[in-house]
Amino acid sequence: MNKLSTKHLLGIKNLTKQDIELILATADNFKEVINRPIKKVPSLRDITIANLFFENSTRTKLSFELAEKRLSADVINFSASGSSVKKGETLIDTVNNILAMKVDMVVMRHANAGAASFLAKHVNAKIINAGDGAHEHPTQALLDAYSIKQKLGTIKGKKVAIIGDILHSRVALSNIFCLQKLGAEVLVCGPTTLIPRYICALGVKVETNLRTALEWCDVANMLRIQIERQDIKYFPSLREYTMLYGVNKSLLDSIKKEIVIMHPGPINRGVEITSDVADSKQAIILEQVENGVAVRMAVLYLLAGRN
Amino acid sequence: MNQRVILSSKQLDLTITRLCYQLIETHNDFAKSALIGLQPRGIYLAKRIEQKLNTILKDKKINCGSLDITFYRDDFRKKELIPNSTTIDFIIEDKNVILIDDVLYTGRTIRAGLDAMLAFGRPQDVELLVLIDRRLSRNVPIQAKYVGKTIDSIASEKVKVEWREIDKEDKVWIMKND
């Protein structure tokens, strides 16, 4: 198996186990590349990539841009604020205008679920989904899987708890698909109001007690409360949320095993996770960021290589 | 498929021994030299040469690494190219580097290898060692300094070097489709 089964990366749901393993294996090679004195390879020197961010992003945008530049691609950046989107241009029109400037690949983040799939059907370029609403964020799931594999040696048979705002999280959904395909067990934990009603249908365990979840898992992936997506109140106060679902050092120390702590960022210190936990040895949050560049290089490389 | 052996296991061993002594003539004790095998199949030849030099030079430490050139190839997108690992755990700055590959054919792999190597520093000089030189098929102006065996072959023929580490035994074949 030496090529991806898909032309676009729209979500983890449409990837096979072999695709994911190929991406993770290729990421290993790129991790070696980005630790060289000269961190750049010429593979994509004739490719132009447009980064279209219709929604705010720090890590993902920088990470994609860096990955593209490390592969020698030409990069153009676009963010919705300050663009003609504000004047009422449609998504297809915006993208087709950008493609008319001879762009080969599009990396897109959009506030609406399905935006990347929609684009893949209507425009002639390779599309990479960098997050679409509360649907999927495939490269985050891939880099999370890569980081777990790097830390624990394998993913198969490991127990991963995803804790926090599951309802509004694209990271949660992509992680569930990815980890299950690689043979891990997944549990989601959070207040009942922030857990989608039919999530059990995906074959994940549901737990509302944080301590029980932590005692069960090998890895805890902490998610941020996405206040900006919450149209109504899902819990009485942030303070109460922190008391019930915030991970702190004394809670972690009271559990008899060492759990790996992950966070996709941005962290709300003192809400879902305290500073002493985020900066502890158990946390691999900054490793996740480093691995993100390698994994995104692998995705861009493998997709660009597809005819 | 018409195929015949052009180097047997015994001949291959003799050839490698000869190449080692040629290398020693230029590089003495290898203090400022480094062997770099090209992935995927040049690494076996590099390892073999390292082992033999170790025997001849009585366990002198020799720098030996492997270099993957996938990201530097000029035929990306003509076919899917899956990378191998690169291991160069020494500094190549100011070293005399010997690039090692099994077969020299169009020369494009070596061209990519030169590019890939420069990401690790600026060597003092670079030489090329190959086991088989298919001298009539070059696309770029690249020649080897050390050659195991030179053969005249045409494009429809294929040369395959087998190593006991991954194949059954050491052997070099030339194959031709009927």
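Visitor: How many residue pairs are in polar contact between chain B and chain A?
Guide: Three, with both residues at pLDDT 80 or more. A polar contact is a pair of N or O atoms within 3.5 Å; within protein, one must be able to donate a hydrogen and the other to accept it, and residues adjacent in sequence count only if both atoms are side-chain atoms. This is a predicted model: local features need pLDDT of at least 70, side-chain atom pairs count only at pLDDT 80 or more, and totals for chains, interfaces and linings use all residues. Residues are numbered from 1 along each chain as its sequence is written, and side-chain values use heavy atoms, leaving out hydrogens and water.

Visitor: And how many salt bridges across that interface?
Guide: Zero by the rule, which looks for a side-chain nitrogen of Lys or Arg within 4 Å of a carboxyl oxygen of Asp or Glu.

Visitor: OK, what area is buried between the two chains?
Guide: About 1,800 Å², with carbon and sulfur atoms giving 54%. That's accessible area (1.4 Å probe) that two parts lose on being put together, summed over both.

Visitor: Which residues of chain B lose the most area to chain A?
Guide: B:Phe71, B:Arg77 and B:Glu80, together 41% of what that side buries.

Visitor: Switching to chain A, what's its secondary structure?
Guide: Chain A has 11 helices (H or I, at least four residues) and nine strands (E, at least two), taken as DSSP runs.

Visitor: How much of chain A is buried?
Guide: Buried residues, meaning under 20% relative accessible area (1.4 Å probe, protein chains only), make up 56% of its 307 residues.

Visitor: What box do its C-alpha atoms fill?
Guide: Roughly 55 × 45 × 35 Å along the principal axes.

Terms used:
Chains are lettered from A and ligands numbered from 1 in the order in which they are written. Buried means under 20% relative accessible area, exposed over 50%, partly exposed in between (1.4 Å probe, protein chains only).
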